[in-house]
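Trainee: I have a two-chain model to read and would like to go through it feature by feature. Where do we start?

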Amino acid sequence: MSEPAINLEEFKMFAPPAELRRAPVVEGNQGLSWLTDKLSAFAEGRTPIWWWAFFLPAAFAATVIFPVCLFYQVFTGVGVWGNNHPVMWGLDIVNFIWWVGVAHAGTLISALLFLTRQHWRTTIGRMAEAMTVFSVAMAGLYPAIHVGRAWFDWFMFPVPNSNGLWPQFRSPLMWDVFAVNTYLVVSSLFWFMGMIPDFAVFRDRSKTRIRKLIFSFLAMGWTGSARQWHHYEKAYVVLCGLCTLLVFTVSSIVGLDFCTAQIAGWHATIFPLYFVIGAVFCGFGMMLVLLVPLRKLCGLENVITKSHVDKVAKLTLVSGLMIAYIYLMEFFIAWYSGDPYERWVFGHRLFGHTYMVMGWILIVVNVGVTQLLWFKKIRSNLFALFVIGLLINIGMWSERFVIVVGSLYQDFLPANWGKYMPTIWDIGLYVGTLGAFFMLYLLFIKFLPMIAISEVKGVMPQADPHHPLGGAQKEAGHE
Amino acid sequence: MSDKIYGIMAEFNSPGEVLRAAQKVRDVGYRRWDVFTPFPIHGLDKVMGLQNSLVGWVSLFMGAGAFASVVGLIWYSNAFDYPLIVGGKPMFSVPMTFVPAYIMLIMGAAIGALMGMLGLNQLPRLHHPLLDKSRFAGASNDKFILVIGAMDKKFCASETRRLLQELGGTHIEIVEDKD
């Protein structure tokens with residue numbers, strides 16, 4: 001009945017040659033206890049100066065700039081923004097799509113790569129999920145205040161009321177309400193459930209009473225019994241499957257908001273796919289921006305190895321190539337359709353005098369700069385990756401600007417044309433959401449388990465009962 | 001110290017050891033035992049004879065319920081309670097319900113998965129007898145702890161302790177049940 005056991009020599013004999021072997025998930029692996037110490041060190045140690053240096057400006061943006069811009073807009077009206085006829089969707093919608101996009105790569109990394117059994121995802125999955133949760137929260141805010149009278153937001157929910165009002169379920173804008181709220185709830189649940197075993201780790205390691213109380217409460221009495229893990233793993237797989245569906249659903253619905261409209265430049269069947277790919281691409285850019293500095297600052301170079309960053313860069317390249325193909329198709333179809341309005345809009349994206357800069361940023365960054373990731377030298381240069389990540393975020397932000405504003409400002413009737421310039425309140429609100437995002441993220445890495453401790457342990461050789469390091473032994477026959 | 005005993009715990013140092021010990025404990029005929037580990041050990045569920053987890057069914061049930069409720073809600077609100085013609089379309093048709101119902105299916109199924117996991121694991125719970133033991137903290141670090149419960153018919157404080165010793169368990173302790 002005993003499992004086939006192997007000893008170290010046999011294991012080496014059957015292992016593939018060195019050049020075909022996979023890079024170990026964790027470098028300098030010194031056992032499970034070392035890993036627990038290493039992964040909880042940042043949350044348990046003294047708060048470093050750099051943390052405060054990032055936290056204070058972010059907190060200022062989140063707690064001063066953000067509420068001021070928010071309240072001024074809500075009390076005064078949407079008119080404080082630059083939105084006006086014919087550009088009724090301005091920076092608020094651009095930022096909404098941008099934030100939803102940032103969220104998507106997080107879910108893709110944590111859910112889809114789990115389903116495809118990519119072990120390296122365990123080290124960055126939690127950080128990716130946190131990115132998702134916080135950016136969806138930022139995204140959800142924009143449509144809620146863009147409606148103008150935010151106190152009527154509850155009209156969007158199917159609540160029985162004395163006005164006899166029901167939502168109009170045929171509109172993709174209505175579907176957005178469901179999609180974004182579901183995304184926020186499901187990604188938070190997924191994030192929280194993943195942290196339960198790690199809360200138990202923090203509980204068992206806590207030195208102070210208050211820490212013990214907080215983490216005991218959060219761990220909810222988790223003991224890590226085989227029965228608990230059995231249900232937990234099933235729930236985890238189910239949630240991963242559901243989150244993967246959301247990656248493809250939420251941005252598709254945002255894309256439908258556009259392609260059901262008649263506006264030239266929006267009315268294209270490729271939009272749902274376009275938005276999904278764009279979202280994932282943008283999110284990978286953000287992931288690079290977060291991973292590269294944090295692995296160094298938090299002393300996690302052995303855990304989030306260069307090979308993991310390299311893989312994120314490769315995924316960025318793949319999604320970048322897809323987005324390049326979609327740009328090509330968009331321009332081709334605009335020309336091939338023979339529709340003069342489509343041709344006009346797409347021509348003006350690159351050669352119109354008003355917003356051509358945005359159009360060229362889109363092409364140069366998203367199509368051009370991304371190609372640098374073909375080179376191994378670039379992919380192993382962390383500084384270059386950080387800069388490319390930042391550029392991709394800017395490039396994808398311009399893409400959304402080009403789609404939203406670039407299609408609206410010159411529609412079918414020249415008498416109806418106009419221009420759009422964001423006001424200081426538009427920009428202030430964006431700065432505020434950026435601040436809130438980074439403030440939440442910094443609080444997360446300081447107080448919560450930023451790396452999935454139990455998951456990383458689970459993919460170590462020490463965790464495999466059939467590996468010599470996991471306690472496998474050659475048994476003398478059957479007893 | 002109370003007289004009630006929850007069980008006997010023994011510590012092992014690697015997943016391989018605890019897996020072999022678990023096989024022996026099962027072969028000897030114990031039924032009320034469990035293994036506490038810092039991460040799921042594959043193969044252990046088979047040794048323990050755990051059936052496919054019901055979490056998937058809870059999730060499916062909640063998801064299907066959410067889907068059906070949203071279809072019902074859309075019919076009730078747009079076709080029955082306040083019929084309103086939008087774009088000359090029928091008051092109720094299946095395609096229009098799909099997207100919101102599908103989205104809420106995901107929401108329902110996700111909540112079902114989490115609730116199912118917590119419910120089947122009897123969480124959240126305020127206390128567990130094992131959490132009193134200082135050595136038990138190792139189960140979230142690098143130790144693998146096998147506990148044989150006092151509820152087991154074969155349980156005998158001295159015999160069970162001897163078995164765990166034979167299997168190579170260290171730090172064998174009696175766990176009291178103070179509730």
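Trainee: What share of the residues in chain B is buried?

Mentor: This is a predicted model, and every value below is computed from it. A residue is called buried when 20 or more other C-beta atoms lie within 10 Å of its own. In chain B, 42% of the 179 residues are buried.

Trainee: What radius of gyration does chain B have, against that of a compact globule?

Mentor: A compact globule of 179 residues would come out near 16 Å, whereas chain B has 25 Å. The box along the principal axes says how its C-alpha atoms are laid out: roughly 80 × 35 × 30 Å.

Trainee: Which domains does the assignment give for chain B, and how far apart are their centres?

Mentor: Domain 1 takes 5-51 + 131-176, and domain 2 takes 55-120. Taken over C-alpha atoms, the two centres are separated by 44 Å. For sequence separation in general, look at the contacts of chain B: among those between residues at least 6 apart, 82% join residues at least 24 apart.

Trainee: In what order do the elements of chain B run?

Mentor: The chain has 5 helices and 4 strands. Read from the N terminus, they follow the pattern β-α-β-α-α-α-β-α-β.

Trainee: Which strands of chain B pair with E3(B), and in what sense?

Mentor: For each pair of strands, read the number of bridges and the direction. Strand E1 (residues 5-12) pairs with E3(B) in the antiparallel sense over 6 bridges, and Phe12(B) stands opposite Phe144(B) there. Strand E2 (residues 33-36) also runs antiparallel to E3(B), joined by 4 bridges. In that pairing, Asp34(B) has Val147(B) as its bridge partner. E3(B) itself is mostly covered, with 5 of its 6 residues buried.

Trainee: How far does helix H10 of chain A reach, and which of its residues are buried?

Mentor: Start with its span. Helix H10 (residues 306-336) has 31 residues and reaches 44 Å from its first C-alpha to its last, close to the 45 Å expected. Then take the burial. An α-helix has 3.6 residues a turn, so residues three or four places apart point the same way. The buried residues of H10(A) include Val309(A), Val312(A), Thr316(A), Gly320(A) and Ile323(A). Among the elements that cover the buried residues are helix H5 (121-146), helix H9 (271-297) and helix H14 (382-408) of chain A. Just after H10(A), Gly338(A) takes a positive phi of about 75°.

Trainee: Is Ser135(A) buried or exposed, and what does it touch?

Mentor: Ser135(A) is in helix H5 of chain A. It is buried, because 26 other C-beta atoms lie within 10 Å. Leaving out residues up to four places away in sequence, Ser135(A) touches Trp99(A), Val102(A), Ala103(A) and Phe437(A).

Trainee: Last, how many residues does each chain give to the contact?

Mentor: Chain A gives 56 residues and chain B gives 60. On the chain A side, the elements with two or more residues are helix H2 (32-44), helix H6 (172-205), helix H8 (226-259) and helix H16 (453-458). H8(A) gives the most, with 17 residues. By type, the chain A side divides into 29 nonpolar, 20 polar and 7 charged residues.

Note on methods
Residues numbered from 1 in each chain as written. Chains lettered and ligands numbered in written order. Predicted model: local features only at pLDDT ≥ 70, side-chain atom pairs only at ≥ 80, totals over all residues. Expected span 1.5 Å × (residues − 1). Buried ≥ 20, exposed ≤ 12 C-beta atoms within 10 Å, placed from the backbone. Contact = placed C-beta atoms within 7 Å. Nonpolar A, V, L, I, M, F, W, Y, C, P; charged D, E, K, R; others polar. Pairing = 2+ DSSP bridges. Domains from an automatic or database assignment. Rg over C-alpha atoms; globule rule 2.2 N^0.38 Å.
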